[in-house]
Amino acid sequence: MVHDIATYLTSPPIHSSNGGFHASEDADSAPSASEKEHKEGAFYVWSHSEFGKALGDEKLAEILAKYWNVKPNGNVSPKHDIQGELKGLNTLCVTSSISDLAQQFGLSKHDAESAIQTGRQRLSDWRDQHRPRPLLDDKIVVSWNGLAIGGLARTSAALKESDTQASKKYLEAAILAANFIRKELYDSESQTLRRVYREGPGATAGFADDYAFLISGLIDLYEATFDDSYLQWADELQQSQIKHFADNESETRGGFFGTPAHAPDILIRSKDAMDNAEPSANGVSATNLFKLSSLLDDSRYSSLAKRTAKAFEVEMVQHPGLFTGLMGVIVNSQLDVKPIVISGTESSSEVQGALKQLQQMVRPGSTVVRLGGDSKSDWLRQRNELLSSIDQNKDMVQICEGTSCKLVKAAELRELLKGTHL
């Protein structure tokens, strides 16, 4: 599923030729070139007979109908199809494991995987040939691109060992998107963003979520590349977000407004803290602040992160399920986010062993800093005085807290981090 989502993001029409990611495709479209009426999900659903026709092989259709739960009368419940547009149609939904599928049809696991791959390609080719593509919303929105950059960077890092080709593709796409935003939607003099690009930069200034999501994506991009230029840009953006969006009027207030103070036609400046279809700007911002504090050894950022969480503490106590992003920040407030510093040569088994483990783990309570080797860290070592004292050419793995760092073995990392906040 991760590959499928990343492939969709990094392929036309969502992936623009200029490097950014377009906003979305319509949910509805014409079922065929001969029909004018648009229907919900028409590009993606299949009748049982059409499914078999597209695959062109009765046995293959039987195997994949089991895998994707394709039924003669459709698999969409009427209670989920109020308008009746999906009657008799199937959404492709995996309901069988590959091992169970192989066992049921007397196949090897490899043959079952090959059948799925063949079927997916045939269905895709048939669909592209016989169905009009849904209309494209070709805006490039900074906030959504920030989310995509972060997701692709994390995916690339996790797949670096198991699928080198895919890892490289996803990372290149994330870098292209970041470069596009920096070139087209970032003013380096004022260090501010514009929100939308469509046939040129729009006039609207960036919102708080544009800064928050892009900063988050740049932090992920740093941990995937260890190029500190992404951290430097994230630091600039963070300072701008604080300047234009932070509520600093009194000690009892905090958090980030959604719009800048100078935005025209804004009657009320609100603060977004509840997670909905997108994570909240304040939840992501507070997480960014903790991570940047850890990476840059800047206590001002962690103080502001705690203040942001505190601004919504009454609402969180009343409705904790609506503030999942900020709930994680509460944990960070108590336990801090600790940097794991890896120094030394690229050929070191200690370095490679540590990086391999860390890039494949979910680590809410830690960041990763790379010194030496192929990393780019001159700016980071100047920004973070603690790092300037570390010999970047010596093969070491250290977990730092405050002004002290503890040496650990790469082989111990997984066990050290297992079941802990790190």
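1. S9 (residues 338–343) and S10 run parallel and are joined by six bridges. Strands here are DSSP E runs of at least two residues, helices H or I runs of at least four, both numbered from the N terminus.

2. Before going on, please note that this is a predicted model, where local features need pLDDT of at least 70 and side-chain atom pairs pLDDT 80 or more, while totals for chains, interfaces and linings use all residues. Residues are numbered from 1 along each chain as its sequence is written, and side-chain values use heavy atoms, without hydrogens or water.

3. The open sheet has four strands in the order S10-S9-S11-S12, with mixed pairing (two strands pair if DSSP finds at least two bridges between them). Its edge strands are S10 (366–371) and S12 (404–408), each pairing on one side only.

4. Ser-375 sits in the loop between S10 and helix H15 (378–383). Ser-375 is buried, with a relative accessible area of 15% (buried means under 20%, exposed over 50%, partly exposed in between, using a 1.4 Å probe and protein chains only). The Ser-375 side chain reaches the backbone oxygen of Arg-370 at 3.4 Å. Leaving out residues up to four places away in sequence, Ser-375 touches Phe-226, Glu-346 and Arg-370 (contact means heavy atoms within 4.5 Å).

5. Elsewhere, Ile-181 touches, among others, Val-142, Leu-214 and Trp-233, again not counting residues up to four places away in sequence.

Definitions and conventions
Polar contact = N/O pair within 3.5 Å; in protein donor to acceptor, adjacent residues only side chain to side chain.
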